[in-house]
Amino acid sequence: MAISQVASWPGRAIRLWRRGGAGAIIQKLRTKVRRRLLGDRAQLAAWTQYQRGLSPENRRRFQARVAALSNPPQISIIMPVYNTPERWLVEAIESVRSQLYPHWELCIADDRSPDPQVRATLDRLAASDARIKVAYRPTNGGISAASNTALQLATSDFVVLMDHDDRLPEQALLRVAETILSDDPDLFYSDEVLVTPEGEPIEFAFRPAFSLELLRSHPYIVHLVGFRRQLLLEIGGFREFLTVSQDYDLILRASERADRISHIPEILYLWRQHSTSTGNQRRSDVLEISRTVLSEHLVRSGELGEVQTGFRFNYFRVRYPIQAPVKIAIIIPTKNYGNLVKQCIESIAETVSNVDYEIVVIDHDSNDPESIRYFRSIRDRCTVLNYSGSFNFSAINNWAVQQLPPDRFTHYLFCNNDIEAIEAGWLERMTEFAQKPDIGIVGAKLLYPDHCSIQHAGVCVGMHGMAEHFGKFMRDSLPTGEAEPGYLGALISCREMSSVTAACLLMRRDTFEEIGGYDETLAVGFGDVDLCLRSRAAGYRVIFCADVTLIHHESYTRGKTFSGDPHPEDSAKFFQRWQSVIKAIDPFYNPNLDITRQDWAMNDLAIPTEVRSRCYDRKTHQFLSL
């Protein structure tokens, strides 16, 4: 801090103490430290630029689009209110009244606020705009009860949730309306920015498209969130005994029945952070109740699973017991490098105990005497197959599968010869996901040999113009020794992905057979990404299992570059086949993040001229807008 800031701090601390006690001071310090760590100047500059994006010209353009809508949908905003500071309440309501999209109704339920200024403010604002409806509850019932009271006022087909102390940017409801018209969703959500009590940015939350496993790992859908009103009525609205985690519970219940779920990758909500919020005051309750509602969600979904706490607050790990007999063929192609293969096999034997597996080594024309001797020595405990011909990664793996007895294996683990298992239970954890009939492929987190730097945390299709690994070269742990969470928990949350690497890829046999295995026209490059994309196109989910960490002894040279594309023919074929997906930007990424960076760095903020929602069909696992 500057000297002037230090000198003025005692006075500010006294004012904060009077307003909110020690909690207010702690919250202020946390905010200042967090903003400093995030890069205060960069964040403020980006936010200033974003706010300037809605120029008079853009505003006129958006207003013209509103006027051109032939059948504009009506939208109801649900707002429970309790003892809100007047300034925050006025700002919240005025942000709705300032919307460029005029076809809305604001449904407010006051939960018997003891502060008389709340009713006076609501009465005054409701009298100034017929679109504002207010109900005054006779008793205080909590946020869920108040939200249900507000829901009873709603008459629109679609409902948006809004807290009493937050704000909407001017274009928010226009984006919602355009998404409704283009996607006809049952559930939709957007990105947001967390702001200080004064409205300055703290953190930008740029979310991926809908991922069921991510939602089970963390309540990543927060604001702005909306629903088809009929769906909310069918599931009974909010459960009124919940006074925290009620939104997470509602979203889980809605996602179970929603056919279409849309993500709007744009900041449509300003979430005010302050020490007096219920979430801040009841953190221990939030964790336990979130675990409970997640467990109930699993039961309703017909899933056997135990919800365990994750690496951080409000992160979870769902353990699915392996129910059916599983037998896995671990397929390891190699040419020479017997020392690496030995390390791989021995590490598997040391770390896998509760899954039935057989190791299949594919000896591709080895000529190193020591490697050949080693391969001969393991024939009594492993299957060793001899393959001859030019190198074609796809053809070698397909050939290996063809040599296996029909129906002997339920799954194939495609494994590079330089993989080293370091933690017990990793294959069991991957199998928990891969046993599910709608999950075709499961991948793992891979580290470089230093055991600290990430080599793979899923694959982003479209990154660097083709496809690249998430998290590459990032640290896997913090200086404290805790796991590095990554952007919005990306490195500690199991989630759907477009693709994972075949360096360690577990695949259902029936999925492999259905899509015809690897495409042998892709001899070296992108064969695994193509395999995943074709699996997804066939209706199977691809999962990145963040709980599994292995070592990948890949060439470890930071910033390694090639003079040109090492496999131009494969690249051309891959791009030709998947160019629409590549150009659209991976739905499990976010267009507000830099597509040339693997560390989830933010782009320069700008308000897009067109809505660009990603609509997920829950039954087919397809994105309808790609």
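The axes of helix 18 (residues 527-537) and helix 19 (residues 568-584) come within 11 Å and cross at roughly 25°. Helix 18 contributes V529, D530, L533 and R534 to the contact, and helix 19 contributes F574, R577 and W578, where contact means heavy atoms within 4.5 Å. By class, this contact has four nonpolar, no polar and three charged residues; Ala, Val, Leu, Ile, Met, Phe, Trp, Tyr, Cys and Pro count as nonpolar, Asp, Glu, Lys and Arg as charged, and the others, Gly among them, as polar.

The model is predicted, with local features requiring pLDDT of at least 70 and side-chain atom pairs pLDDT 80 or more, whereas totals for chains, interfaces and linings use all residues. Residues are numbered from 1 along each chain as its sequence is written, and side-chain values use heavy atoms, without hydrogens and water. Helices (H or I, at least four residues) and strands (E, at least two) are DSSP runs numbered from the N terminus. Axes are lines fitted to C-alpha atoms, for helices over the stretch in contact, with angles from 0 to 180 degrees between N-to-C directions.

In a second pair, the axes of helix 3 (residues 56-68) and helix 7 (residues 172-183) come within 11 Å and cross at roughly 40°. This pair is therefore oblique. F62, R65 and V66 of helix 3 meet L174, R175 and E178 of helix 7, giving three nonpolar, no polar and three charged residues.

S366 lies in the loop between strand 12 (356-364) and helix 14 (369-377). At 13% relative accessibility, S366 is buried (under 20% relative accessible area; exposed is over 50%, partly exposed in between; 1.4 Å probe, protein chains only). The side chain of S366 reaches the backbone nitrogen of N336 at 2.7 Å. With the side chain of D363, the side chain of S366 makes a polar contact at 2.5 Å, that is, a pair of N or O atoms within 3.5 Å, where within protein one must be able to donate a hydrogen and the other to accept it, and residues adjacent in sequence count only if both atoms are side-chain atoms.

I396, in helix 15 (residues 393-403), is buried at 2% relative accessible area. I396 and D363 are 33 residues apart in sequence and 9.9 Å apart in space, C-alpha to C-alpha.

Conventions
Parallel < 35°, antiparallel > 145°, perpendicular 65-115°, else oblique.
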